[in-house]
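This report goes through the strands, cores and domains of one structure in plain terms. Please keep the sequence and the model in view while reading.

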Amino acid sequence: MVSSGRQAISCIVLVLSTLILAQAQTAPDKLSGATITGKVTIKGKGAPGIAVVLILNVEGSQRTTRHKAFTDDTGTYRLTNVPPGNYRAEAAAPALVAVDGFRNPFAKSVTLLINKDETVQNIDFELMRGGVITGRVTDSDGRPLIEEKVSISSAESNPSQAFSRQRETRTDDRGVYRIFGIAPGNYKVAAGTNELSPFGGSPGFRQTFHPDVEDAAQARTINVTEGSETTNVDITLKRVDHTYSVRGRIIDGDTGRPLANVSYGITVYITPNASQTLSDGSVSNNTGEFKWENLRPGKYAVRANAPSDSDWRAEEVPFEVNDRDVTGLVVKTTKATTVSGVIILDGTDDKSVLAKLSGGQVVARIETEDKTRTSTYSAGILSDGSFRFSGLFAGVATFGVEARGLELVRVERNGVVQPTGIPIRDREQISGLRLIVHYGNASVRGVLKVANDAPLPANAKFFVSLKRIGEPVRQFDQSSSGRSAEVDARGQFLAEGLLPGTYEVTAYSYTRDEPRGQVLQGKQQVTVTDGAVVNITVTLEPRSVPNRPQPRN
Amino acid sequence: MLKSLIMILLTSLLTTAQTQRPGAEASKSGSITGKVVNERGEPLPNARVSVQAVGPVRSRASAITNRDGTFRVDGMEAVPYHINVSMPAYITEPSDTEEEKQYRVGDSVSFILIKGGVITGTVTNAAGNPVIGVHVSARMIRDSDDEELDGGFDRRVNTDDRGVYRIYGLPAGTYIVVAGSTDEYSEWGVNPFINDLPTYAPSSTRDTAAEISVRAGEETSNVDIRYRGEQGRTISGTVGGPAIAGGFTVVLTSVEISGSQSDTSKFEQPGSRQFAFTGLNEGDYYLTLRTDLTTNEASLSESKLVTVSGADVEGIELTAKPLGVVSGRVALEPSKARECQGKQPPPFKDISVSAWHRETEATKNQPQFIWELGAPVSADERGNFSLINLAPAQYHFAARFPARSWYLQSISLTPPAPAGAKTESKPIDTTRVWTTIKNGARLSGLTVTLAQGAASFRGQLVFDPAENRPVEWFAYLVPAEAEHANNSLRFYGGTVSPEGKIQLVNLAPGRYWVLVQPANDDALSAFPQFRNPDETETRVRLRRAAAELKTEIELKPCQDIGDFKIPVKSQ
């Protein structure tokens, strides 16, 4: 049996390889490439068997590489044959958490700019065992609720920590859930959800916190410590007894005629500040009627979804469900304001640069005349460089272009440069805008140093920003309003896709121990030409600033 | 493959009579009520019931069963509905009919949900420590009738911090359990087990994996896995060619010893020129580069065969080349026959044109997915169509249309006139001559001609009651006129129903011989092929067999022939 199988394989291989010749080379076991080593420790002791994986950052996207190493008995890992590049090294250990989440609160990882054939040492990870919270979710009859959402959220007041520490899971067929790898701290546990269910209506159970309270303020706080396991964190969910429907019509606000086949959606206000909108593909019928079922009491709004190429828009119509069905809502459409134009790429006719345009987007920021309200819209750039916004509010519009390596330098309307934004009236149709962009391919590669060659402070976050000197007053543009560059574990940074010019590079740091302001700052000027890579060193010096600026993320 | 071809032929030859239920007055609204119970008849609370109107009306509602297993949806328009009842960890009772049942307002309905099976166990490493956060899948390899499955039911979970996994809601059948996945990320960040080869329970490769029998409602525990954590091989390389800038997909096709193929696709973002597949077993793989299909016209590279043995494979270069395009139009030839007056032609947008590659000539040793890129297309309002993304090969063409009194007259291709020529080139009959399509070819001038005057034929096989007869039969109409002897469009065929009935439609008027054959191996190989340009011999054979029987029939324009008795003699 085995031998005949083997024969069959070799036959196939022979036939195939004579038909198609793959120009494949098998990699020799070469010794070139960089080496990265370090230690993973738990309570100062080397942790064996932990995978450290390299993730490559390419043009803003991340992808894993085949570079993976396990720590040995002493907790030491060694990644070899690493080509130069911009990487992230991550200790991939689901049950462990970083001891100090300050430098990178989201993951047990560091960024690393790797040069050709270098040896990088002491890229260490200090981890600890996270906590466990487990329990069971049942209905009021004690039946297990299966695949019910369970979430834990930080009970701390620090909002950034609250976000990064949110975790969720689902119960199994016994109603049991188990969340592990939880960073030490205080948590609240909730089961169920107040969002709309993907089936359309309100979910069958109200969100309830342990121990069986609907008000988050009354939830019991669970203290998670290193390696702790808190069991029997059970939650009983109450059924939603009555649900109601909402009905109404979508009409043309100018003619009063019903609009058929208009897609609509519903927004639920989960809290006064948090809402969720769901469109399930439903469309209005021949008489413009819409309908939504299974809503429990609460605050909602209905909206008509204007397709991106339509010439109308409609404001959401809010409503409240109390103890009966809601009927007679009217959604009125109005003629939409549209703005269209084309992106003009200046200074290059490189096809690969042109290709970066499609897939990118144009962003419009509109501020009302009285400056009380600002809305941001985005529109995709089509392969011919054109873009179109529909349904904009009235106000003054400024624009930005979000496409890799491309920077908006001016906006033209009817051949006239618009330096301060374009006023847009309600229902106005503006076409023929020209957004002129430049392509930047210069780079600044730098390293941060502390005066007197002292080591960079541990537990500090570093930020680098670049600003082109002599830059004209500019439209709103995310890519040019001060660029930031990520600083790696060794104090290195790389800013790519820069237009030629002179930049002021500013570096500063924060530490957790010194929350009042930045403790180190450095500035440096650098001039780059087209396509050049310039290396610089920025020296940081102690500086105390009373008014601390908010760091950019 | 064979089955799907037969299906396509059948649907093109038989009218698809839509059963429309009459009398859907949308004036009144009402309720649908019902009850959901488990396999022991006990009420099942908390089951999700979703009610969706049949057809384009998107009217729908959902409910959750009460403590007593009952549910009620109100305010439903009086149209037919489909009802779907589900509950996690439970499975619906297998149904005998494929057709989804329809319900009406006022109905009181009941459903049974059965608790699915459970597989649970612990994953540990060689040192006996728990393997945490690894993906574990239960894959059904045989169903409850012991039928082998390819790509059957598959459910995946993660192990917890104790290495414990629990997979529930499994339909009855035989499963294998595997730990490890090539996913880049898991719930906790980067997947620690990326690039590993999968480990099958208890601690083996696929060929020696333990088979686990699962019955509904039962729990199989201690399906433990000793995780091997062996690094798989990597194939990597670079890509080039047009339209790569908008992102690209590399398809890795692994070839099993049985000849069956499985594809793994990886999309790379715009800007990238590199690809890598990790965690691979040693063996043979095809690599094919494909550009984004959403941009309408895609490009494709030649497929490269790579043998992974003893080392990673680097430096594979794939270059995309544009695929072929054949455009053309649908021409309509009305009939003057009195019987045909007032019969509507099919709307152009309902006419679908497809291209079929010559399997005998196409390089056998290449991924099969490339033939699916050139999907059937519909004509536009003016009858123009464009078949895109055709991989280099020889092709013939087919058309489908929903109009009973029209038939497919011809499919011809007018090649471009040579430079300086005064007259147009002569059209080529594509039903007789294969059309060669090369990379980047853009052929125009394909004309699909539909003529009015099609007849239809309903026949009944009459068996000698004494005879022991095969169950399945094919029936053909074979052209009796000598001039159509090798006109493949004048050959019609279909499968005979178990009651001995056959219906053929969209038939060109003319004289035919009726032929029935038991669906034996010979007939099965001939049946889906009888319109293939290469199958002159098949048509000659069918015509010779039909000529001997001499059951002749003449079809007049727009004639409907019903209840034609076809005596079946012993074979």
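A:Thr35 stands opposite A:Thr119 in E10(A). This is a predicted model, in which local features need pLDDT of at least 70 and side-chain atom pairs count only at pLDDT 80 or more, while totals for chains, interfaces and linings use all residues. Residues are numbered from 1 along each chain as its sequence is written, and chains are lettered from A and ligands numbered from 1 in the order in which they are written.

Helices (H or I, at least four residues) and strands (E, at least two) are DSSP runs, numbered from the N terminus. Two strands pair if DSSP finds at least two bridges between them. Strands of a sheet pair through backbone hydrogen bonds, either parallel or antiparallel.

Strand E2 covers residues 34–42 of chain A. The table gives its partner strands in chain A.

| Partner of E2(A) | Residues | Bridges | Direction |
|---|---|---|---|
| E6(A) | 76–82 | five | antiparallel |
| E10(A) | 119–120 | two | parallel |
| E11(A) | 125–129 | three | parallel |
| E3(A) | 45–46 | two | antiparallel |

Single residues show how these pairings are made. A:Lys39 stands opposite A:Thr76 in E6(A). A:Thr41 has A:Glu126 as its bridge partner in E11(A), and A:Gly46 as its bridge partner in E3(A). E2(A) and E3(A) make up a hairpin with two residues between them. In the turn, A:Lys43 has a positive phi of about 55 degrees.

In chain A, seven strands form an open sheet with mixed pairing, in the order E40-E39-E42-E43-E44-E38-E41. Why do strand E40 (483–485) and strand E41 (492–498) of chain A stand at the edges? Each has a single partner strand, so one side of each is left without a neighbour in the sheet. Neighbouring strands of this sheet are turned by 25 degrees against each other on average, direction ignored. For such angles, axes are lines fitted to C-alpha atoms, for helices over the stretch in contact, and angles run from 0 to 180 degrees between N-to-C directions. Within the order given above, strand E43 (residues 520–528) and strand E44 (residues 533–542) of chain A run antiparallel and are joined by two bridges. A:Gln521 has A:Glu541 in E44(A) as its bridge partner.

Chain B has an open sheet of five strands in the order E31-E28-E36-E33-E34, again with mixed pairing. Its edge strands are strand E31 (384–390) and strand E34 (428–429) of chain B, and each pairs on one side only. Strand E28 (residues 324–333) of chain B runs antiparallel to E31(B), with five bridges between them. There, B:Ser327 stands opposite B:Ser386.

## Buried and exposed residues

A residue is buried if 20 or more other C-beta atoms lie within 10 Å of its own, exposed if 12 or fewer, and partly exposed in between, with C-beta atoms placed from the backbone. Of the 553 residues of chain A, 34% are buried. In chain B, buried residues make up 36% of 571 residues.

Is A:Thr420 buried or exposed? A:Thr420 counts as exposed because it has 10 C-beta neighbours inside 10 Å. A:Thr420 sits in the loop between strand E35 (416–417) and strand E36 (422–424) of chain A. The C-alpha atoms of A:Thr420 and A:Thr171 are separated by 54 Å, and the two residues are 249 residues apart along the chain.

A nonpolar core is a set of buried Ala, Val, Leu, Ile, Met, Phe, Trp, Tyr and Cys residues joined through C-beta atoms within 7 Å. In soluble globular proteins, nonpolar side chains tend to be buried together. The largest nonpolar core here has 82 residues, and among those that touch the most other members are A:Val52, A:Ile133 and B:Ile119. Strand E4 (residues 51–58) of chain A gives the largest share of this core, five residues. Apart from it lies another core, of 77 residues, including B:Phe248 and B:Val514.

## Chains and domains

Chain A has three helices and 44 strands, and chain B has three helices and 43 strands. Two residues are in contact if their C-beta atoms, placed from the backbone, lie within 7 Å. Among contacts between residues at least 6 apart in sequence, 69% in chain A join residues at least 24 apart; for chain B the figure is 72%.

Domain bounds come from an automatic or database domain assignment. This assignment divides chain B into domain 1 (32–115), domain 2 (122–226), domain 3 (233–322), domain 4 (324–452) and domain 5 (455–568). The centres of domain 2 and domain 4 of chain B, taken over C-alpha atoms, are separated by 48 Å.
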